[in-house]
Each structure stands twice: as C-alpha cells, then as structure tokens.
Amino acid sequence: MSLKIRSRSESFSRSKGLALGAALKADGYDVLMASSGEQGLRILAARRPDAIVVDGVLPEIDGATLIRRVRLDAALRGIPCLLLTASH
C-alpha cells in the first residue's frame, strides 16, 4: 500500500510535516504533498491514493471540508482519511 497525499499548512509546522513525510517514505510509502486544499483535491483526482493525511487548517479550504468533498466524490469516497492538527 502506498500513502500518496499529505497536505500541510502553517498549523502543522513545516518541520513536523517534513518529518512525517520522511518517516513514511522510510517505511516504503510514496508521499505527495500539497500546499493548499484545492491543490490537494487536484492531486487526489489525478492520483487516486490509498490513504489521505490532511491538516485541519489549509489555505483556500480547511481539512474537514476537503474530506467532505472527498466523501462526495464516488471515485474517492472509499479512501481512508486522517485529519491532523497541531498546536504550537
């Protein structure tokens, strides 16, 4: 299985996001990153990942909205989603 998308924003710090991506890559996962919710949706439409890890606070649309939009898409709704947030 490959994890294909992880979105990040300022709430989930860049260093933590990079560390998560590196750890997943070290475990053999493919990781793609998006800098906004809209960019993430475009990647999801093109790549059909095995799982989605998304930050709760994103530019343009928030993580919860992104997941709701994934659930409305028949081609994506079966993909497991994990919503992460972090406080400083």
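Biologist: Hi! Which residues in helix 2 meet helix 3?
Modeller: Gly37, Glu38, Leu41 and Leu44 in helix 2 meet Leu66, Arg69 and Val70 in helix 3. Contact here means heavy atoms within 4.5 Å. Helices (H or I, at least four residues) and strands (E, at least two) are DSSP runs, numbered from the N terminus.

Biologist: And how do the residues of that contact divide into nonpolar, polar and charged?
Modeller: There are four nonpolar, one polar and two charged. Ala, Val, Leu, Ile, Met, Phe, Trp, Tyr, Cys and Pro count as nonpolar, Asp, Glu, Lys and Arg as charged, and the others, Gly among them, as polar.

Biologist: Where do these numbers come from?
Modeller: This is a predicted model, where local features need pLDDT of at least 70 and side-chain atom pairs count only at pLDDT 80 or more, while totals for chains, interfaces and linings use all residues. Residues are numbered from 1 along each chain as its sequence is written, and side-chain values use heavy atoms, with hydrogens and water left out.

Biologist: Back to the helices: at what angle do helix 2 and helix 3 pack?
Modeller: About 25°, with their axes 10 Å apart. So helix 2 is roughly parallel to helix 3, as angles under 35 degrees count as roughly parallel, over 145 as roughly antiparallel, 65 to 115 as roughly perpendicular and the rest as oblique. Axes are lines fitted to C-alpha atoms, for helices over the stretch in contact, and angles run from 0 to 180 degrees between N-to-C directions.

Biologist: New topic: is Ser36 buried or exposed?
Modeller: Ser36 is buried, at a relative accessible area of 7%. Buried means under 20% relative accessible area, exposed over 50%, partly exposed in between (1.4 Å probe, protein chains only). You'll find Ser36 in the loop between strand 2 (33–34) and helix 2 (37–47).

Biologist: What does the side chain of Ser36 join up with in a polar contact?
Modeller: The side chain of Glu60, at 3.3 Å. A polar contact is a pair of N or O atoms within 3.5 Å; within protein, one must be able to donate a hydrogen and the other to accept it, and residues adjacent in sequence count only if both atoms are side-chain atoms.

Biologist: Where is Glu60, then?
Modeller: In the loop between strand 3 and helix 3. Glu60 is exposed, at 59% relative accessible area, and has a positive phi of about 80° although it is not a glycine.

Biologist: And what pattern does the chain follow along the sequence?
Modeller: β-α-β-α-β-α-β, with three helices and four strands.
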